[in-house]
Amino acid sequence: MTLPQRAQMTVSGPPSEGRGRCVVGFDGSSAGVAALDWAVTWAARNHRDLHLVGVVDDDAGTMSGTSASDSDHARAQLLSETVALLTQQHPGITVTTRLITGPVAASLAAAARPGDLVVIGSDKTGYAHGRLFGARSVQLAALVPGPLTVVPAADLRFRAGVLVAIDGTPESSRLARAGAEEAVARQCAVALVHAIAVDATSERRQLGEAVLREAFEAARAVAPGLQISRHLANRRPAEAMLNLARDRALLVMGRSRRNAAPGVGGTLHEVLINANVPVMVLP
């Protein structure tokens, strides 16, 4: 296995002790490598440790003892080789690993501690051998209590800018601040988008503009010189996000839903299934 070659990163600043880790679900697939590449950059930028998690899916306990042992060995060897490569390419980052046997989504969610950012890749298939995490982004979004980033197996070079989905809930300002902080760290612009219906009334449009103004002020408070744009979109929320995110480096959105039922809301589900950009989902 060969990880993508990147320019050597120098990690400086305060140590990551006492701070959340960047927990990566890694299975060796192209989606897993994309997630790991994204996570290495994010961890270096934010002075976090990397924690690689390999999951041996025992298919609800039906895997034979011999097959399970072989899978354990193969996954452990993959993690060991990956750590060796990361240590060589990025000596400033601390990397730890964990091998778990069990249901993939639940096992990865259980491996995260408070304050951790969980990162997974998505190839939107999940069926080919080794692609354990690709089809499970929606499951993980429902199970992981903290922040989650889903990275598509796509060419993310030449992407720039952070897009923040503003849903109008009381948490909108927090989302705007989080997106602004990511943009400052990346030295790029941030865009705020709020979607309303095509046939929205003038009162609804005014409310949408007010929601964006409040989010704009929250983002500007993070860094007064930050370039910020606002978009009031007359279309379904998922369509608006995916359309504006096509050339962005990151989409930040919340995990809010209209009721307390298990799972995720329809907008988040649609975005994750069709993700064309790394999606950071905040609780």
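Is Leu-163 buried or exposed, and what is its relative accessible area? I looked this up before anything else. Leu-163 is buried, with a relative accessible area of 0%. I take buried as under 20% relative accessible area, exposed as over 50% and partly exposed as in between, with a 1.4 Å probe and protein chains only.

**Entry: ground rules.** I am working on a predicted model, where local features need pLDDT of at least 70, side-chain atom pairs count only at pLDDT 80 or more, and totals for chains, interfaces and linings use all residues. Residues are numbered from 1 along each chain as its sequence is written, and side-chain values use heavy atoms, with hydrogens and water left out.

**Entry: the chain.** I find eight helices and 10 strands in the protein chain. Helices (H or I, at least four residues) and strands (E, at least two) are DSSP runs, numbered from the N terminus. Of the 283 residues, 50% are buried. I also checked contacts, meaning heavy atoms within 4.5 Å. Among contacts with a separation of 6 or more, 79% join residues 24 or more positions apart.

**Entry: Leu-163.** I place Leu-163 in strand β6. Leaving aside neighbours within four places in sequence, its contacts include Ala-191, Val-193, Met-241, Leu-244 and Leu-251. I also looked up Ile-228, which is 65 residues away along the chain; the C-alpha atoms of Leu-163 and Ile-228 are separated by 9.8 Å.

**Entry: helix α7.** I list Ala-238, Ala-240, Met-241, Leu-242 and Leu-244 as the buried residues of α7 (residues 237-244). These buried residues pack against β6 (162-165), β7 (190-196), β8, β9 (250-254) and α8 (266-273).

**Entry: helix α1.** I checked the length of α1 (residues 30-46). Its expected span is 1.5 Å times one less than its number of residues. For 17 residues this should be 24 Å, and the end C-alpha atoms are 24 Å apart, which agrees. Because 14 of the 17 residues are buried, α1 is largely enclosed by the rest of the structure. Just after α1, I note that His-47 has a positive phi of about 55 degrees. His-47 sits in the loop between α1 and β2 (50-56), and is a residue other than glycine.

**Entry: cores.** A nonpolar core here is a set of buried Ala, Val, Leu, Ile, Met, Phe, Trp, Tyr and Cys residues joined through side-chain atoms within 4.5 Å. The largest one has 50 residues, and Val-24, Leu-50, Val-119 and Leu-192 have the most contacts inside it. α1 gives the most to this core, with 10 residues. I then found a second, separate core of 40 residues, which includes Val-138, Val-150, Leu-251 and Val-264. In soluble globular proteins, nonpolar side chains tend to be buried together. What does Val-24 touch, leaving aside its neighbours within four places in sequence? I find contacts with Ala-35, Leu-36, Ala-39, Leu-50, His-51, Leu-52, Val-53 and Val-119.

**Entry: α5 and α6.** I looked at α5 (residues 172-186) and α6 (residues 202-222), whose axes come within 8 Å and cross at roughly 40 degrees. Axes are lines fitted to C-alpha atoms, for helices over the stretch in contact, and angles run from 0 to 180 degrees between N-to-C directions. The two helices are therefore oblique to each other; angles under 35 degrees count as roughly parallel, over 145 as roughly antiparallel, 65 to 115 as roughly perpendicular and the rest as oblique. From α5 the contact includes Ala-176, Ala-180 and Val-184, and from α6 it includes Ala-215, Ala-218 and Val-222.

**Entry: Leu-226.** I find Leu-226 in the loop between α6 and β8 (228-234). At 13% relative accessibility, Leu-226 counts as buried. Beyond its neighbours within four places in sequence, Leu-226 contacts Ala-180, Ala-183, Val-184, Cys-188, Val-190 and Ala-219. Its C-alpha atom is 9.8 Å from that of Glu-181, 45 residues apart along the chain.

**Entry: Phe-158.** I place Phe-158 in the loop between β5 (148-152) and β6. At 79% relative accessibility, Phe-158 counts as exposed. Its phi is near 70 degrees, a positive value in a residue other than glycine.
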